[in-house]
Protein chains: 2
Amino acid sequence: MDENVTKISQHLLKLKALSDETRLDIISLLANGPLCACDILESFKITQPTLSYHMKMLTGSNLVDSVRKGKWMHYSLNQAEFSGLIDYLGRIPKPENRPVVRSSCCGGMDSCDSQAEQVEKP
Amino acid sequence: MDENVTKISQHLLKLKALSDETRLDIISLLANGPLCACDILESFKITQPTLSYHMKMLTGSNLVDSVRKGKWMHYSLNQAEFSGLIDYLGRIPKPENRPVVRSSCCGGMDSCDSQAEQVEKP
DNA sequence: ACGTTATATCGATTTTTTTCAATATGTTGA
DNA sequence: TCAACATATTGAAAAAAATCGATATAACGT
């Protein structure tokens, strides 16, 4: 029931993760296969701590998985989570959601075209 | 060619637009059909200028269309643009993109498992 | 023209995000 | 154990985003 609420925040986390240009580029990089942080770092003009921060955002949203391989940290796109986000977005445009209340400003939705009479709101 | 660059920013704009909780909720509202600003406003605990700001973000990203109907501003989800974003995201996980350079930190990708010898980077 | 209503813009403030230098942690090979 | 390397964390500063009150603009009815 309020699992939905939690889900929304999970999706929001992912959307936030994708809303930064550097991170979106990192995601595109990882789409080609796993990479270690040192490789990713070379593709950008940012410092190592900044990359580490971005990777934390990405792993924190579960869009990216990480495993240690010796000295190196290997990052990979979590396809399932990524697909999950896409599925969520894909379900939005359909009218099965009705997540919040709806009121009407002027009787009906399209009745505003010919707003001969206006409904006063108390 | 660099149309791709522009496209990326368009997608990034949309992702930024969706990365705010209020705006994501507005999108869900609009998924049920067009609404005027006054109606949307009632669903949130924000002021009218703030809503106007958010709607500007949403229309600026083209995820939402707006038309004046008399005194009212009617907002509606731009399904085509929304789908465009979803399509873009859906294409990311496949290896047809290779958007940026790739280097290798230790020979191959999986060779790091048994990193008997390490390749020094000059 | 005027008053009312709906929305937009402006200016300032608060909040959040991004960034980096310094430093810490963890791993490996000698 | 220790030096070297890869990555993480911390603390502070800069940049960007969100918010609001005041005010402007636009449309309508009278």
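**Entry 1. Surface near DNA strand C**

I sorted the surface near DNA strand C by residue class and found 10 nonpolar, 7 polar and 7 charged residues. Here a residue is near the strand if one of its heavy atoms lies within 4 Å of it. For the classes, Ala, Val, Leu, Ile, Met, Phe, Trp, Tyr, Cys and Pro count as nonpolar, Asp, Glu, Lys and Arg as charged, and the others, Gly among them, as polar.

The model is predicted: local features need pLDDT of at least 70, side-chain atom pairs count only at pLDDT 80 or more, and totals for chains, interfaces and linings use all residues. Residues are numbered from 1 along each chain as its sequence is written, chains are lettered from A and ligands numbered from 1 in the order in which they are written, and side-chain values use heavy atoms, with hydrogens and water left out.

I then listed the residues that surround DNA strand C: there are 24, and the closest are A:Thr50, A:Tyr53, A:His54, B:Gln48 and B:Tyr75. At least two residues of this surface come from each of α4 (48–60) of chain A and α3 (37–42), α4 (48–60) and β3 (72–77) of chain B. Helices (H or I, at least four residues) and strands (E, at least two) are DSSP runs, numbered from the N terminus.

**Entry 2. Contacts with the DNA**

Which part of DNA strand C do its atoms within 4 Å of the protein belong to? I noted 67% in sugar or phosphate and the rest in bases.

I looked up individual atom pairs next. In the side chain of A:Thr50, an N or O atom is 2.6 Å from a phosphate oxygen of DNA strand C. B:Gln48 places a polar side-chain atom 2.7 Å from a base nitrogen of DNA strand C.

**Entry 3. Salt bridges**

I counted 2 salt bridges over all chains, each requiring a side-chain nitrogen of Lys or Arg within 4 Å of a carboxyl oxygen of Asp or Glu.

In chain A, A:Lys14 pairs with A:Glu81, with the closest N and O atoms 2.7 Å apart. A:Lys14 lies in helix α1 (residues 3–18) and A:Glu81 in helix α5 (residues 79–91), so the pair ties together parts that are 67 residues apart in sequence. I found A:Lys14 buried at 3% relative accessible area and A:Glu81 partly exposed at 27%. Buried means under 20%, exposed over 50%, and partly exposed in between (1.4 Å probe, protein chains only).

In chain B, B:Lys14 and B:Glu81 form a salt bridge at 2.7 Å, N to O. This pair links helix α1 (residues 3–18) with helix α5 (residues 79–91) of chain B. B:Lys14 is buried at 2%, while B:Glu81 is partly exposed at 28%.

Definitions and conventions
A polar contact is a pair of N or O atoms within 3.5 Å; within protein, one must be able to donate a hydrogen and the other to accept it, and residues adjacent in sequence count only if both atoms are side-chain atoms.
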